[in-house]
Amino acid sequence: MRRWAPHLATAAFVLVVMWPLLESPNFQSVPLSHYPMYARDAGRVVSLPTVIQTSDGEPVSMSVLDTDDPLVAVTRLRRTIEVGGATLLEFCVGIADRLDGAGVLIATERHDAIAHLEGRVSLIDRRVHVQCGDSGP
Amino acid sequence: MKVPLLARADRWLVAPIPRERLTVLRVLVAGFAAVYVAARLPMFWHIGDRPASTFSPVGVLSVLERPPAPWVGRLLPVCVIVCSVAALTGRRWRFWGPAWALTLLLLSTWRSSWGQVIHHEHLLVLHALVLAASPAGSSGPAGGGILALRARAGSEPRWWTGAALGHAGQRSVDQPIPDEPMVAGWWVRLMALATVATYVLAGLAKVRLGGSDWLGGEILQHHLARNVLRLDLSGKSGSPLADELAGRPGLLAVISALVVMAELGSPLLLLGGTVRSVWVGLLWGMHVGTALFMWITFPYQLLLFAFLPFFAVERLPGLRRLGAPQPVG
């Protein structure tokens, strides 16, 4: 037993950290995960939430979302859009306030990502969820 | 009669290592955690200000139905910085080691509980958890680690303890310096296995979710294009290098195959020597590529901390001083 003890303890450790293999390949948690990021084909048509300043039609910098990570910004926007209602409006007004009350709209846009990369027009359609600031509530 | 393979596995797994190696690993990993959290303090500070409806708890926080008060989230990164600095010194390791690892686990789980799991922090947390249980503290009774409590002075050497393992002159491994204090090497092996496991899991996820399509390069091309688009729609420009790469399907296929090969082949890191160094280069190259082409950084991996357990770090230039004996805490 003494001889096998370190091997058994090691096997137990490896089993724990490899546990996600027994879960769905999409499993992600902390500190264990299957690390599914970039594993699945996202496709060339991409649906992305975005915040747009109505005065110039340009996307708003993610710094107003308290992050420098675009992945975090997109996820946070998507979650807020899913919740919708007063939470989404409050979120929109919060961004507009940071932009000195400028008009802001939160939308989900579908783009052809490859076309965008090649410098061609990529926007397929846009669904506006809320508008606030100068031109909204 | 012992099977040679098992004998080799025995030697690899439980052979003592110089105490300095654990000390250097403790200083580097705890130091990384302190700097990493301090540099992102404003971001961590505001996490709890997000709408409660966007709270999506994972891991040990899954039991929560709603987020705790924002001040709890503000206190957490401060605790991690304090505990990391305390862990870095190695004093009162049986308290500060676990305190450091557990606060780090909580902070990482907290950050990932708002809809986006931050994967590059996982390995740092796993390494901290292993180190916290190991005899990585300052020399003396308080440096023995929580599991070393069972080792008594003069007792028979145990494979998991830092006590009673004698000196290098008695137990030769990795050509140590004579009379160098030795501790259980098992903990460093666990850290190495944690690194390997994360890469193997990531590689298997690509096989399970992307299948053979991943090797064709198209999936990588889509991720590159998607990333540039995401950056542009967030008011930040994507990498110009991504434009160049995305237009070369042949090169993308080669890179995709290399990525999967590097991840699934990561157990080769355990062989040591040239094979290990080549594989570290491959995996590091993958992270450099991700940073250059997608502007997504994995700091713990990119700065090579993830690969420290595969090397005799106490012998690296400038690091030997870190492992020098410290006053007992």
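Is Cys92(A) buried or exposed? Cys92(A) is buried, at a relative accessible area of 0%, where buried stands for under 20% relative accessible area, exposed for over 50% and partly exposed for the range in between (1.4 Å probe, protein chains only).

The legends below describe a predicted model, in which local features need pLDDT of at least 70 and side-chain atom pairs count only at pLDDT 80 or more, while totals for chains, interfaces and linings use all residues. Residues are numbered from 1 along each chain as its sequence is written, chains are lettered from A and ligands numbered from 1 in the order in which they are written, and side-chain values use heavy atoms, with hydrogens and water left out.

**View 1. Chain A and its order of elements.** Chain A contains four helices and four strands; helices (H or I, at least four residues) and strands (E, at least two) are DSSP runs, numbered from the N terminus. Read from the N terminus, the elements of chain A follow the order α-β-β-α-α-β-α-β. Chain A has 137 residues, of which 47% count as buried. Among contacts in chain A (heavy atoms within 4.5 Å) between residues at least 6 apart in sequence, 54% connect residues at least 24 apart. Chain A has an accessible surface of about 6700 Å², and carbon and sulfur atoms account for 55% of that surface; accessible areas come from the Shrake-Rupley method with a 1.4 Å probe, and for residues only the protein chains shown count as cover.

View 2. A disulfide is a covalent bond between the sulfur atoms of two cysteines. With a pair of cysteine sulfur atoms within 2.5 Å as the criterion, a search of the whole structure finds one disulfide over all chains. The sulfur atoms of Cys92(A) and Cys132(A) are 2.0 Å apart in this disulfide. The link is left-handed, with -95° about the S-S bond. Cys92(A) belongs to helix H3 (residues 85-98) of chain A and Cys132(A) to strand S4 (residues 123-132) of chain A, so the pair ties together parts that are 40 residues apart in sequence. Cys132(A) is buried, with 0% relative accessibility.

**View 3. Two cysteines of chain B without a bond.** The closest cysteine sulfur to that of Cys79(B) belongs to Cys83(B), at 6.0 Å, which is too far for a bond. Cys83(B) is in no disulfide. Cys79(B) is partly exposed at a relative accessible area of 28%, whereas Cys83(B) is buried at 7%.

**View 4. Helix H7 of chain B.** Helix H7 of chain B covers residues 186-210, and its 25 residues should span 36 Å at 1.5 Å a residue; the expected span is 1.5 Å times one less than the number of residues. Of the 25 residues of H7(B), 21 are buried, so the helix is largely enclosed by the rest of the structure.

**View 5. Salt bridges in both chains.** Side chains of opposite charge can pair when their charged atoms come close. A salt bridge is a side-chain nitrogen of Lys or Arg within 4 Å of a carboxyl oxygen of Asp or Glu, and the whole structure holds 11 salt bridges over all chains. In chain A, Glu118(A) pairs with Arg120(A), with the closest N and O atoms 2.6 Å apart; Arg120(A) is partly exposed at 44% relative accessibility. In chain B, the closest N and O atoms of Glu121(B) and Arg111(B) are 2.5 Å apart in a salt bridge. Glu121(B) sits in the loop between helix H5 (93-111) and helix H6 (122-133) of chain B, and Arg111(B) in helix H5 of chain B, 10 residues apart. Glu121(B) and Arg111(B) are both buried. A network of salt bridges links Arg21(B), Glu314(B) and Arg315(B).

**View 6. Helix H11 of chain B and its partners.** Lys206(B) forms a salt bridge with Glu263(B), at 3.1 Å between the closest N and O atoms. Lys206(B) lies in helix H7 and Glu263(B) in helix H11 of chain B, so the pair ties together parts that are 57 residues apart in sequence. Lys206(B) is buried at 6% relative accessibility, and Glu263(B) is buried at 5%. Helix H11 (residues 249-264) of chain B also holds Val254(B), which is partly exposed at 47%. Leu251(B), Val254(B), Leu258(B) and Met261(B) make a nonpolar surface patch of about 320 Å². Patches consist of residues with over 30% relative accessible area and no salt bridge, like charges being joined within 9 Å and nonpolar side chains (Val, Leu, Ile, Met, Phe, Trp, Tyr) within 5 Å.
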